[in-house]
Amino acid sequence: MLAAIYFLVDAIFMTVVRPFANRIAEHWTFGSLRGWIVSLRPYPTLALFAVPLIVLEPVKPVAAYLAGTGHIAMGLIVFVVGEVLKLVLVERLFSVSRNKLISIPAFAWTYGRYLQAREWLESFEAWQTARRWRRLARYAVRSYVQDVRSPQRLERVSFQPR
């Protein structure tokens with residue numbers, strides 16, 4: 001049960017973090033870093049892939065400790081920042097080095113089990129309902145932003161002669 005909750009939290013954060021990760025990937029600094037990562041062989045790539053997990057995974061218990069000792073806001077901040085960093089780094093590293101990582105038999109087996117678990121989770125009606133709510137919320141936010149921006153654009157354009 002705890003493992004399911006753990007992976008569910010990661011899945012929820014990933015849906016929120018993915019656009020942020022894509023923006024970071026477009027930054028010029030990551031072009032040269034990407035070239036270096038691509039030049040690595042499979043096992044050094046696996047070691048690099050494990051670094052964010054090893055370094056940032058202890059953030060969850062630290063955040064729980066902070067929240068448990070009465071520092072709820074700080075615990076929440078530590079949790080959110082740590083999860084976002086971990087997921088962005090892991091997602092970017094995986095997208096760059098997926099083929100190399102899949103060439104390692106143990107990683108390929110584990111990734112296959114992960115895909116099965118994700119498929120099983122996504123088959124639930126609750127998951128599908130949450131995805132529909134997310135799409136509706138995204139549409140509502142975009143519509144609101146467009147409504148707020150459209151009067152500002154009209155104010156900037158002046159058709160009055162000087």
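**Helices and aromatic pairs in a predicted model**

The secondary structure of the protein consists of seven helices and zero strands, where helices (H or I, at least four residues) and strands (E, at least two) are DSSP runs numbered from the N terminus. The structure is a predicted model, in which local features need pLDDT of at least 70 and side-chain atom pairs count only at pLDDT 80 or more, while totals for chains, interfaces and linings use all residues. Residues are numbered from 1 along each chain as its sequence is written, and side-chain values use heavy atoms, with hydrogens and water left out.

Of the 162 residues of the protein, 19% are buried (under 20% relative accessible area; exposed is over 50% and partly exposed in between, with a 1.4 Å probe and protein chains only).

Rings of Phe, Tyr and Trp (its six-membered ring) pair if their centres lie within 6.5 Å; planes under 30 degrees apart count as stacked, over 60 as edge-to-face and the rest as tilted. The count by this rule is six aromatic pairs. In one of them, the ring centres of Phe49 and Phe94 are 6.1 Å apart and the planes stand at 50°, so the pair is tilted. Phe49 belongs to helix α3 (residues 42-56) and Phe94 to helix α5 (residues 72-102), so this pair ties together parts that are 45 residues apart in sequence. Phe49 and Phe94 are both buried.

The rings of Phe94 and Tyr111 also form a tilted pair, because their centres are 5.1 Å apart and their planes at 45°. Tyr111 lies in helix α6 (residues 105-122) and Phe94 in helix α5, so the pair ties together parts that are 17 residues apart in sequence. Tyr111 counts as buried because its relative accessibility is 16%. Ring pairs join Phe49, Phe94, Phe107, Tyr111 and Tyr114 into a cluster.
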